[in-house]
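Take a moment to look over the model below. Then follow the paragraphs one step at a time.

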Amino acid sequence: MTSTDTTATGSPRAGGAGRLGARTVSRIGFGAMQLPRLRDDRAAALAIVRRAIELGVDHIDTAQFYGDGFANDVIREAVRPEDDVYVVSKVGATPHSGGPHPLRLAQRPEELRASVEDNLKSLGIDRIPLVNLRRASRAPGLIAEGDQVVDLDDQLAVMTALHDEGKIDAIGVSHVGMDELRRALPVGLACVQNAYSLVARDDEEMLRLCVAEGIAWVPYFPLGSAFPGMPKVTDEAAVLAVAESLGRTPAQIGLAWLLHHAPNVLLIPGTADAAHLEANVATGAISLDAAALDALDAVPTRSGEILG
Ligand SMILES: NC(=O)c1ccc[n+]([C@@H]2O[C@H](COP(=O)([O-])OP(=O)(O)OC[C@H]3O[C@@H](n4cnc5c(N)ncnc54)[C@H](OP(=O)(O)O)[C@@H]3O)[C@@H](O)[C@H]2O)c1
């Protein structure tokens, strides 16, 4: 059974316990966006998800458009009902095989509904624990144009309807600005998922609002992403110095900083590498002292360099 100390599988919680809506989850979760790199080695993809669960992860972030259903498919096969894993998906885009990008925006209310149905089918479940409404009104990523520019209230209305119909248990928002976040608060948000890391901290005010409102802050790109050209946490001199002094890797220090930074932070680092998964979970055991935190806090934010 799920408890504060252990997950349903009896594993000690990775990174300790955190809150995601009404649910207790491990503070260290798993982001599935890198899994499609293992498309030609499905056994390895399944093994990574199983290993994450064994290591005390019970929060997995996914999307139908991660590998055109591949990530969801692997999660459906790897996760057993008794694992009681909190699978979180997102809507606002849809797979676009053969297009200029592997996904296209799908922001319209009927598209949000269709995306929830696609996720239900590919994940093989009859309700999704949490779905993030991924907005597209600012960089990075595709920016809505034409009929893809949809009023937030119209989107929240369909998300609420899907909740009331029992298709989704909780609602989050992703890639939002302060104004959008404030407008979405009355819906009763479980989380905000924005791009945020030691090197991209422009959303600090939003993070603090989420602390005050009891909303989980689930940063995407916690290490600065896999995309070349984006600022990487692991390139920062202060991160390298703290890593060296503690005998840890730079990635672990970047993740540990996030865990120390605010109590509502939940991690979903993305990896397709089994050793990196182990390292990411081990981050929960890292204690950063005041001197280390001061040195890391002094790293300048470079959100402006995140690719549009
Ligand atoms: N809401 C949204 O719009 C949105 C957008 C993007 C992502 N997301 C979610 O956020 C999750 C995290 O973002 P992300 O995966 O794009 O970026 P990320 O977690 O910042 O970085 C992933 C990159 O870091 C590497 N990495 C991971 N752990 C490492 C370690 N211990 N040591 C060294 N390198 C390590 C990975 O390579 P290896 O595979 O080789 O480990 C990969 O190249 C995604 O998986 C996805 O679930 C949400």
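Is His 175 buried or exposed? His 175 counts as buried, because it has 22 C-beta neighbours inside 10 Å. The cut-offs are simple: a residue is buried if 20 or more other C-beta atoms lie within 10 Å of its own, exposed if 12 or fewer, and partly exposed in between, with C-beta atoms placed from the backbone. His 175 sits in the loop between strand S9 (168-174) and helix H5 (178-184). Its phi is near 65 degrees, a positive value in a residue other than glycine.

Two notes on reading what follows. Residues are numbered from 1 along each chain as its sequence is written. The model is predicted, and local features need pLDDT of at least 70, side-chain atom pairs count only at pLDDT 80 or more, while totals for chains, interfaces and linings use all residues.

Now step back to the whole protein. It has 10 helices and 11 strands. Helices (H or I, at least four residues) and strands (E, at least two) are DSSP runs, numbered from the N terminus. The C-alpha trace spans about 55 × 40 × 40 Å along its principal axes. Of the 308 residues, 49% count as buried.

How does the chain meet itself? Two residues are in contact if their C-beta atoms, placed from the backbone, lie within 7 Å. Among contacts with a separation of 6 or more, 73% join residues 24 or more positions apart.

Ser 197 gives a local example. It lies in the loop between strand S10 (191-193) and helix H6 (204-213). Ser 197 is buried, because 26 other C-beta atoms lie within 10 Å. Leave aside its neighbours within four places in sequence, and Ser 197 is in contact with residues including Pro 219, Phe 221, Val 233 and Gly 254. Asp 40 is another matter: Ser 197 and Asp 40 are 157 residues apart in sequence and 31 Å apart in space, C-alpha to C-alpha.

Asp 68 is found in the loop between strand S4 (59-61) and H2. Asp 68 is partly exposed, because it has 18 other C-beta atoms within 10 Å. It has a positive phi of about 50 degrees although it is not a glycine. Arg 37 is in the loop between strand S3 (30-31) and helix H1 (42-54). Arg 37 is also partly exposed, with 17 other C-beta atoms within 10 Å. Ala 290 lies in helix H10 (residues 290-297).

Turn to the helices. Two packed helices are described by the angle between their axes and the distance between the axes. Axes are lines fitted to C-alpha atoms, for helices over the stretch in contact, and angles run from 0 to 180 degrees between N-to-C directions. Helix H7 (residues 237-246) and helix H8 (residues 250-261) pack at about 105 degrees, with their axes 8 Å apart. That makes H7 roughly perpendicular to H8. Angles under 35 degrees count as roughly parallel, over 145 as roughly antiparallel, 65 to 115 as roughly perpendicular and the rest as oblique. Val 239, Leu 240, Val 242 and Ala 243 in H7 meet Pro 250, Ile 253 and Gly 254 in H8. By class, this contact has 6 nonpolar, 1 polar and no charged residues. Ala, Val, Leu, Ile, Met, Phe, Trp, Tyr, Cys and Pro count as nonpolar, Asp, Glu, Lys and Arg as charged, and the others, Gly among them, as polar.

Helix H2 (residues 70-78) and helix H3 (residues 109-123) pack at about 40 degrees, with their axes 8 Å apart. That makes H2 oblique to H3. The contact of H2 with H3 has 2 nonpolar, 3 polar and 2 charged residues.

Finish at the ligand. Of the 29 residues around it, Gly 31, Met 33, Ala 226, Ala 251 and Gly 270 come nearest. A residue is near a molecule or strand if its C-beta atom, placed from the backbone, lies within 6 Å of it. The shell around the ligand divides into 12 nonpolar, 13 polar and 4 charged residues. Its largest share, 3 residues, comes from H9.
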